[in-house]
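Hi everyone, thanks for coming.

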Amino acid sequence: MNRRPSFASLRLSLILSLLSFGAAPLAATAVELPSSNASATPDSVTSAAPSIETHSWESAGLTNEMDQVTSVSQLSDVQPTDWAFQALQSLVERYGCIAGYPDGTFKGNRPLSRYEFAAGLNACLDRINDLIKAATDPLATKEDLRKLQKLQEEFAAELAALRGRVDALEARTSELEANQFSTTTKLRGEVIFGLADVFGDEKAGGGDLDYNTTFSYRARLNFNASFTGKDELRIRLQSNNMVPIDGALTGTSMTRLAFDGNSENQFRLDDMYYRFPIGQNSRMWLIANGQGTDGIADPLNNFLRSDSSGSLSRFGRFSSIYRSVRGPGIAFEHKFNDRWSADLAYRAPRGSNPADEAGLFNGSYGILGQIMYQPSKTTGIGFTFAHTYFDEADVNITDGVGSAFAQRPFNRVDTLANSYGLIGSVQFSPRFNLSGWVGYTDAKAKSGPDRGAEADIWNWAVTLAFPDLFKEGNLGGIIVGMPPKTTSNDVGSREDEDTSLHVEALYRYQLTDNIAITPGVIAIFNPEHDDDNETQVVGVVRTTFSF
């Protein structure tokens with residue numbers, strides 16, 4: 001262990017440096033004080049006097065004549081070959097108590113008087129005392145130590161009890177570390193309870209609408225692992241019994257809920273992907289199962305895109321163009337700067353199936369690209385393009401959103417589609433956000449009796465979000481739009497004649513940090529884009545538990 005030198009030894013080392021520095025009368029240097037006792041200088045030596053500048057020099061009236069130096073190299077007439085170079089270097093650079101002439105010289109050959117030596121020695125001792133004081137001020141005195149010992153004796157019992165509690169806490173911590181779930185994985189859970197009913201007299205297309213009130217659930221366990229702090233491995237297990245409110249019950253898929261699905265109470269693998277960075281501004285996804293493309297390319301509907309805390313309907317979450325590209329595959333995102341970004345994804349609905357006309361490259365597939373300008377998280381504009389090919393077994397262009405003709409414009413035949421989407425979002429204030437989209441799809445039949453036929457499919461929506469409505473953490477939402485509609489089709493019998501309108505209102509009440517209740521209503525006017533069909537209204541209460 002290194003020992004701190006005593007104060008006396010520090011003073012002694014400084015005095016020895018000064019004495020060695022002034023050992024030869026003709027080579028010594030110091031402060032020339034304005035005194036009548038100072039010795040006269042020879043004619044061959046300049047009469048100007050260098051000095052040692054310290055706190056006490058102002059009283060000697062010398063501070064205006066000398067410049068403090070911080071390095072011996074600032075003195076032009078001092079060379080490393082001079083016999084006192086090291087002593088002078090120590091006084092200048094270690095103790096800071098030597099000054100030079102204004103012309104940048106030291107004049108080391110000038111004679112030294114006894115008064116000058118005394119003034120210089122005193123100045124440097126003052127400096128070393130300051131350094132010692134600065135180094136020892138934080139140290140405890142003997143009186144402080146005696147007080148501390150007395151306090152320790154008075155609180156011995158309390159200190160012993162505290163020590164026991166700390167030991168017990170350390171033991172519990174060690175046990176938790178030894179039995180923890182994982183050092184790299186976090187478990188996030190979510191449970192949704194859904195209460196739903198549909199009101200109306202007839203199904204779309206005819207027949208009595210006989211829907212009974214339902215109460216169902218969806219449970220998710222998300223295992224999020226990270227190995228570098230910047231990557232993510234997601235594994236999700238899901239169980240649910242929410243029967244979709246679609247054609248079999250209402251005659252249309254326009255009544256479907258955002259969080260529906262039925263695994264018949266069995267836990268299944270719902271999500272599996274690995275996301276990792278490539279350089280500073282890019283990242284890639286390897287998707288084995290699940291993970292909607294909206295989780296890769298931002299649909300700019302931040303307040304209402306979530307199926308557990310946003311829109312109650314499947315249609316109201318985001319444009320259906322993101323649903324057209326699904327299945328196993330890869331995706332890539334690059335940020336050009338803080339505002340511009342690009343996304344690219346390739347996915348195949350049956351990418352895990354090695355059968356003929358399946359697999360990653362020999363069956364149905366989709367490619368999606370998006371360019372985004374986003375000056376803030378909730379404000380931006382983007383252009384999206386998707387090229388998709390569906391085998392007859394997989395064809396569903398809008399993935400369960402919109403009319404039956406929009407999902408399968410030529411029925412179950414091989415179908416090629418190019419889709420274009422424009423999305424936008426504006427945050428007008430902290431409590432009001434306006435978002436929306438418009439999408440167009442050009443579809444073409446690639447097999448069947450209508451091979452070569454073409455169809456146009458359109459959809460649009462405007463969403464209004466009111467964050468912190470009536471209370472911080474709450475959310476109000478209104479969604480108005482047209483579900484995907486086949487506006488023209490070479491197969492005339494599969495063209496939508498009229499226009500449906502989707503109107504939705506919801507209010508999410510944040511009961512606690514982990515519990516939210518969202519009542520809402522969804523009205524579908526002219527279901528299936530047919531004004532012969534009566535309006536259907538879906539009433540929903542969604543309760544979300546997160547942990």
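Let me begin with one term: two strands count as paired if DSSP finds at least two bridges between them. Please also keep in mind that this is a predicted model.

With that term in hand, look at strand E10, residues 340–347, and strand E11, residues 365–376. They run antiparallel and are joined by eight bridges.

How many residues lie between E11 and E12 in their hairpin? There are two.

Next, a helix. H3 covers residues 85–95, and its buried residues include Phe85, Leu88, Leu91 and Tyr95. Ala87 and Val92 of H3 are buried as well. After H3 comes glycine 96, with a positive phi near 60 degrees.

Finally, let's go to the surface. Which residues gather in a patch of negative charge there? They are Asp201, Glu202, Asp208, Asp210 and Glu534. Glutamate 534 sits in the loop between strand E18, 515–525, and strand E19, 536–546. Is glutamate 534 buried or partly exposed? Its relative accessibility is 34%, so it counts as partly exposed, a class that lies between the buried cut-off of under 20% and the exposed cut-off of over 50%.

That's my tour, and I'm happy to take questions.

Definitions and conventions. Residues numbered from 1 in each chain as written. Predicted model: local features only at pLDDT ≥ 70, side-chain atom pairs only at ≥ 80, totals over all residues. Heavy atoms only, no water. Helix = DSSP H or I, 4+ residues; strand = E, 2+ residues; numbered from the N terminus. Patch = residues over 30% accessible without salt bridge, like charges linked within 9 Å, V, L, I, M, F, W, Y side chains within 5 Å. Areas by Shrake-Rupley, 256 points an atom, 1.4 Å probe, with all protein chains shown as cover. Salt bridge = Lys/Arg side-chain N within 4 Å of Asp/Glu carboxyl O. Lys, Arg positive; Asp, Glu negative; His and termini not counted. Charge placed at Lys NZ, Arg CZ, Asp CG, Glu CD. Buried < 20%, exposed > 50% of the residue type's maximum accessible area, 1.4 Å probe, protein only.
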